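Morning, everyone. Let's go through the packing in this one. Have a look at the sequence and the structure first.

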Amino acid sequence: MDIFKYRYDAENLKVALKCRYLHICPYGFMNNKGNYTAREIVGFVRKGDFGGLPAMFVMIALVCYLLYRSSVNYKKKSEEEKDDENAKIMFASEDKDEVWSALKAHVAATLSRSLRFSVDTYARLFDSFAKDSLRPLRSSMVKIVEEKGVLKKNRSDETLAMQRVDRQLAYERGTWYHLCSNSSQQMLNTLMRIAEPMKEHTEHSFNPLPQEYVKEFAPYCNKVCAVLEDINGIITSGDYTGSHEVSLRAKELKHELSALRNRQTQRLHQSSASLRIDFVFLNLIQESHELLSGVRNLLRGSSKLFK
């Protein structure tokens, strides 16, 4: 058995499972590069018997992963196609109301993307720093730069589309649109300011983040992510009835982070150990505070923009 051929066996197994579900012949979609022939794979699926074939368990695990990845990619592609459809309407339609509806949908999708990205990246940065893991920190910084490029393109398209809606409406909502857009940009800048000191500290093999700091900040990290996710839910659903409550939660969390920042400042004056890690931790607290300020502005602007 050649372990490097398992991927082809896994692809064939995936095809066989799908075709069995769809009641179609699978042979035309299968390859002949694996350890097992297409006929053998189909036979295993039809019988449902993989006994005596340890490699099949590896293949089944690979198939589960491939099916999951296909599902994620399909969902992502569907969302992108939907955004493209809104973009087409924004620039092709001569109906100002239709352009406005498409523009609102496009902006909502852009804001939702920024919030999802911010949640994932913020959590990944803290987790990577807590584990003293350099590679995820580097990749996160690359992704932040890429996301800035996406946001810049979307902003350009949306600004042009804003010129095609009713002039009075553009005047009324334009300010709130730019507040949302600037808040999204601010959030990405904040994430980069969090990532850079973490990456530099980890890269030079300085002392890792003490476990007491990890345990102390973990609840705050979870609360920040929860606020971002709730605001994303509000924007995605278009239901702003609970927006005031979420905004108050974010405000209260900012006060909690301010208190934590004061405690950390006192530690800096009292600590006799290396100050490098204390300053990086202090930066994380301060920038988390700024992240909440940005997302509160985004929530306020979107509530006015989409009313």
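This is a predicted model: local features need pLDDT of at least 70, side-chain atom pairs count only at pLDDT 80 or more; totals for chains, interfaces and linings use all residues.

I'll take the nonpolar cores, then the aromatic rings.

Start with the largest nonpolar core. It has 66 residues. Which of them touch the most other members? Those are Y122, F217, I231 and I235.

Where does the core draw its residues from? The largest share comes from α4, with 15 residues.

Zoom in on I231. Leaving out residues up to four places away in sequence, I231 touches L115, V246, V295, L298 and L299.

There is another core, apart from the largest one. That one has 11 residues, including V15, Y36, A38 and I41.

Now the rings. How many aromatic pairs does the structure hold? Four.

Take Y213 and F281. Their ring centres are 4.6 Å apart and their planes sit at 20°, under the 30 degrees cut-off, so the pair counts as stacked. This pair links distant parts of the chain. Y213 is in helix α7, F281 is in helix α9, and they are 68 residues apart.

Buried or exposed? Y213 has 9% relative accessibility, so Y213 counts as buried. F281 is at 0%, so F281 is buried as well.

Step back from that pair. Ring pairs join F126, Y213, F217, Y220 and F281 into a cluster. F217 is also one of the residues touching the most other members of the largest core.

Last item: a charge on a ring. The charged end of K223 sits over the ring of Y220, 5.9 Å from the ring centre.

How values were computed. Residues are numbered from 1 along each chain as its sequence is written. Side-chain values use heavy atoms; hydrogens and water are left out. A nonpolar core is a set of buried Ala, Val, Leu, Ile, Met, Phe, Trp, Tyr and Cys residues joined through side-chain atoms within 4.5 Å. Buried means under 20% relative accessible area, exposed over 50%, partly exposed in between (1.4 Å probe, protein chains only). Helices (H or I, at least four residues) and strands (E, at least two) are DSSP runs, numbered from the N terminus. Contact means heavy atoms within 4.5 Å. Rings of Phe, Tyr and Trp (its six-membered ring) pair if their centres lie within 6.5 Å; planes under 30 degrees apart count as stacked, over 60 as edge-to-face and the rest as tilted. A charge sits over a ring if NZ of Lys or CZ of Arg is within 6 Å of the ring centre and within 35 degrees of the ring normal.
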